[in-house]
Amino acid sequence: MTCGLEAAGLVRDFGGVRAVDGVSFQLQPGELLAVFGPNGAGKTTLLRMLAGVMRPTAGHVRVAGEAADVAGREWRHRVGIVSHQSLLYGQLTMAENLFFYGRLFGLTDLKTRIPERLAEVGLSDRAQTPVRDLSRGLKQRVALARALLHDPEVVLLDEPYTGLDPHASAVLREQLTLLKDGRRTVVLVTHNLKQGLELADLVAIQVQGRFASVANAADLDQAGVEAWYHATVEASP
Amino acid sequence: MRTYIGLVWAVARKDLLVEFRTFERLTSMGAFVVLIGVLFYFSMNTAVVRPQDIAAALIWMTIIFVGMLGMGGTFRLEEQDGALTGILQSPIPLDALYLGKVLSNFILLSVMVALILVVFTAFFRLQFSGNPYALFGVLACGVLGFVSLTTLFSAMTARSSMGESLLPVLIFPLLFPVIRFGTTATDRLFAARPFEEVRGDLSLLAAFAIIFTFACAWLFRFVIEE
């Protein structure tokens, strides 16, 4: 069976500093990997390599069996990314942002697709609102609609809950739960152990660029994940 | 090919949509053009210097300075809220992204060139009896050469701590052909010299514009990829 997402020996150096150090994993379609780790552990760098916006120093990424080379463009149709930044233009409306990104992905049915995606994130009635006028929570929902616009098989989530109030977090969590449709492969990078564990099938703790520990989410409960996290981080040199 | 042009236009359309909604760059560039016109008007002794004789230099210096002001922030829009990451994650070829940026900058600077001609004609009562098509060609090729270079270098300096202050230092030496052939050709056209005397400069200007555009489109990937 073809992996949804495969990382093999990923390394990224910045000058003399190794930000990601030999990360490898394989995820099947439908699986969600949550990556936890302290600040500076290299989580965002890992995600940027998986998204193809950063070239690995060594190692490779495969998306649905296809080599994800930074210079290659076609495999990017298979990947969507949600970041702690919205990746949207504040001066444009939600619909204009989605139209622009839709064009970049070569989509032709945007007149029907954009209203569908906005409806999925509960924002049908705000399509003509400029993004700068939205709250942080609404921006993240538009960002999710943008990431899913081209119906990617792999979704990468980089701290999507950052800056959200509890209600907005809960709404976004509901939206993210819908990603677990058995078809998509998802990688979630977060500091929030509780929210990560709720969604994850697999959990990894990244420390100093390495996956220091990996576990099945089903084997962990809320108290267990915190103890495991602290023990792993403290045990790392 | 149609798809590629569609991608170039999608980037340019987005930039123009933002600009014509906010007027951020157009306002600052337009105000700068008028200010330069006023400064030249009061600083020039028209009893000694005939503005008509130095029209080409006035026009081209203003194009360069106002272009530097406006084009330096080409990628500022993409730095807001990580939009550049969103674009880089999409399948758009990087040269199409670059050419889209060049196209939007070309349109914006062309609007400013029209304003420069109006302002300078009003202030200095410039007379033009040369070949208007040739003047259009000279200005269009010069502006294309200018924006192709500044767009590439603004991408380079966007993430530099020295940012836009570094841009003129890097770019002025490379702009020499544009300034040299642009001013010479414009000067001859304002002196109503025959087109044959301009053809050589215009050809060189066009060649530089095309070479700069293609070379910068190719180099852009090395600038923008991390």
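**Start with chain A as a whole**

Select chain A: among its contacts with a separation of 6 or more, 71% are between residues 24 or more positions apart. Keep in mind that this is a predicted model. Colour chain A by secondary structure and look for seven helices and 10 strands. The radius of gyration of chain A is 18 Å, close to the 18 Å that the globule rule gives for 237 residues, so chain A is as compact as a globular protein of that length. Of the 237 residues in chain A, 44% are buried.

**Next, the sheet**

Now pick β1, β2, β4 and β5 of chain A, four strands that form an open sheet. Read across it and the order is β2-β1-β4-β5, with antiparallel pairing. Highlight β2 (17-27) and β5 (66-67) of chain A: each has a single partner strand, so one side of each is left without a neighbour in the sheet.

Zoom in on residues 58-63, which are strand β4 of chain A. Two bridges join β4(A) to β5(A) in the antiparallel sense. Show R62(A) here, and opposite it in β5(A) you'll find A67(A).

**Last stop: where chain B comes in**

Bring up chain B: 25 of its residues are in contact with 28 residues of chain A. On the chain A side, the elements giving two or more residues are β6 (79-82) and α2 (94-104). Select α2(A), which gives the most, with five residues. Colour that side of chain A by class to pick out 14 nonpolar, eight polar and six charged residues.

Conventions: Residues are numbered from 1 along each chain as its sequence is written. Chains are lettered from A and ligands numbered from 1 in the order in which they are written. This is a predicted model: local features need pLDDT of at least 70, side-chain atom pairs count only at pLDDT 80 or more; totals for chains, interfaces and linings use all residues. Two strands pair if DSSP finds at least two bridges between them. Two residues are in contact if their C-beta atoms, placed from the backbone, lie within 7 Å. Ala, Val, Leu, Ile, Met, Phe, Trp, Tyr, Cys and Pro count as nonpolar, Asp, Glu, Lys and Arg as charged, and the others, Gly among them, as polar. The radius of gyration is taken over C-alpha atoms; the globule rule is 2.2 Å times the number of residues to the power 0.38. A residue is buried if 20 or more other C-beta atoms lie within 10 Å of its own, exposed if 12 or fewer, and partly exposed in between; C-beta atoms are placed from the backbone.
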